[in-house]
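Here is a short briefing on a protein and its ligand.

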Amino acid sequence: MKKDKVLVIGAGGQIGVELVAALRVSYGADNVIASDIREEAHPMLKDRGPYVVLDAMNGTAIRELIVKEGITQVYLLAALLSATGEKNPKMAWDINMQSLLQLLDIAVQEKVAKIYWPSSIAVFGPTTPRDNTPQQTIVEPRTVYGVSKYAGELWCQYYHQRWGLDVRSIRYPGLISWKSAPGGGTTDYAVEIYHEALSKGSYNCFLSENTYLPMMYMDDAIRGTIELMEAPAEKMLTRMAYNLSAMSFSPKEIADAIRVHIPEFNISYAPDFRQAIADGWPKSIDDSTAREHWGWKHEFDLARMTADMLKNLSKK
Ligand code: AKB
């Protein structure tokens, strides 16, 4: 069993519930503290290890917990995503930035060994090359979420260069999972579609049929995140977030993949404000830098993920 003491902030979200479960296997249940602003723990976090009610904006409470528990690694997952962020840009900026900046300071002052903070493909914008978007390219995000993620990446790099802080990050594509629901993202359709295929046999998609976006199954995302965090520091040849890719598909293609299992499944399209967000993002991602630096490899493609999603959601 590894020796670290880990704190996950925002553990009740789509990534958090699965990340906590995976970390507890490696570090021991008692050595991974799940925390979230919600009083009531997510069912996947209940009675499976320590749970603390914690506001990601409350630096005093975070510092106290880190000192009291001797925390050596923090994963900061609390954030407002792209679609929610556009409804309240100032709030998205405050939550996404303030939570990061105060944690970076606490980590330096309290000598926390490692920090994880997620970035996103939302850092890219309409002026970025959209096919096989490289690790380093034109970056002019047009959503407040993307602006906060890119600014956050630069802050992480700055704290590493200035204070030697070991802070690591991934630019997640859309994440697809059956255990927990996403909230407030532009890529959320790719989770909703499986639920409605099973419950209604049809889905009305908020993106148009040929909108390609980079996506990843949650199993790959969790494994990749832990592999990044466990990689030796000398392999981290960039301290900006790593591009990570697994698959890229359109609503039409995911519907076709579902029809292999549910032939009568029907999809319709009613694009809303999220279409403009998707149109400014990459269609596919070049993640060769992560593959070269620390050996990233994805396992799930669209067909394998679809079979797994439908099997598990049907049981659920
Ligand atoms: C979103 O759609 O906002 C997120 C993301 C790509 O970061 N899933």
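The points below cover the ligand site and the domain layout.

This is a predicted model. The protein is divided into two parts: domain 1 (6-173 + 218-243) and domain 2 (174-215 + 246-315). Both domains give residues to the shell around the ligand, so the ligand lies between them.

**Ligand shell**
- L81, S82, S120, I121, Y145, G185, T186, T187 and W281 are the residues around the ligand.
- By class, this shell holds four nonpolar and five polar residues.
- No charged residue is part of the shell.

- S120 places a polar side-chain atom 2.7 Å from an oxygen atom of the ligand.
- Y145 also has a polar side-chain atom facing a ligand oxygen atom, at 2.8 Å.

- On its own, the ligand has 260 Å² of accessible area, and the protein covers 93% of that.
- The ligand takes up the space of the largest pocket.

**Domain layout**
- The C-alpha centres of domain 1 and domain 2 are 23 Å apart.
- Domain 1 puts 42 residues into the contact between the two, and domain 2 puts in 38 residues.
- Each domain is built from two sequence segments: 6-173 and 218-243 for domain 1, 174-215 and 246-315 for domain 2.

Note on methods. Residues numbered from 1 in each chain as written. Predicted model: local features only at pLDDT ≥ 70, side-chain atom pairs only at ≥ 80, totals over all residues. Heavy atoms only, no water. Near = heavy atom within 4 Å. Polar contact = N/O pair within 3.5 Å; in protein donor to acceptor, adjacent residues only side chain to side chain. Areas by Shrake-Rupley, 256 points an atom, 1.4 Å probe, with all protein chains shown as cover. 1 Å grid on protein atoms, 1.4 Å probe; cavity = no way out; pocket = protein on both sides within 12 Å on 5 of 7 lines; lining within 4 Å. Sits in = over half its atoms within 2 Å of the grid points. Nonpolar A, V, L, I, M, F, W, Y, C, P; charged D, E, K, R; others polar. Domains from an automatic or database assignment. Contact = heavy atoms within 4.5 Å.
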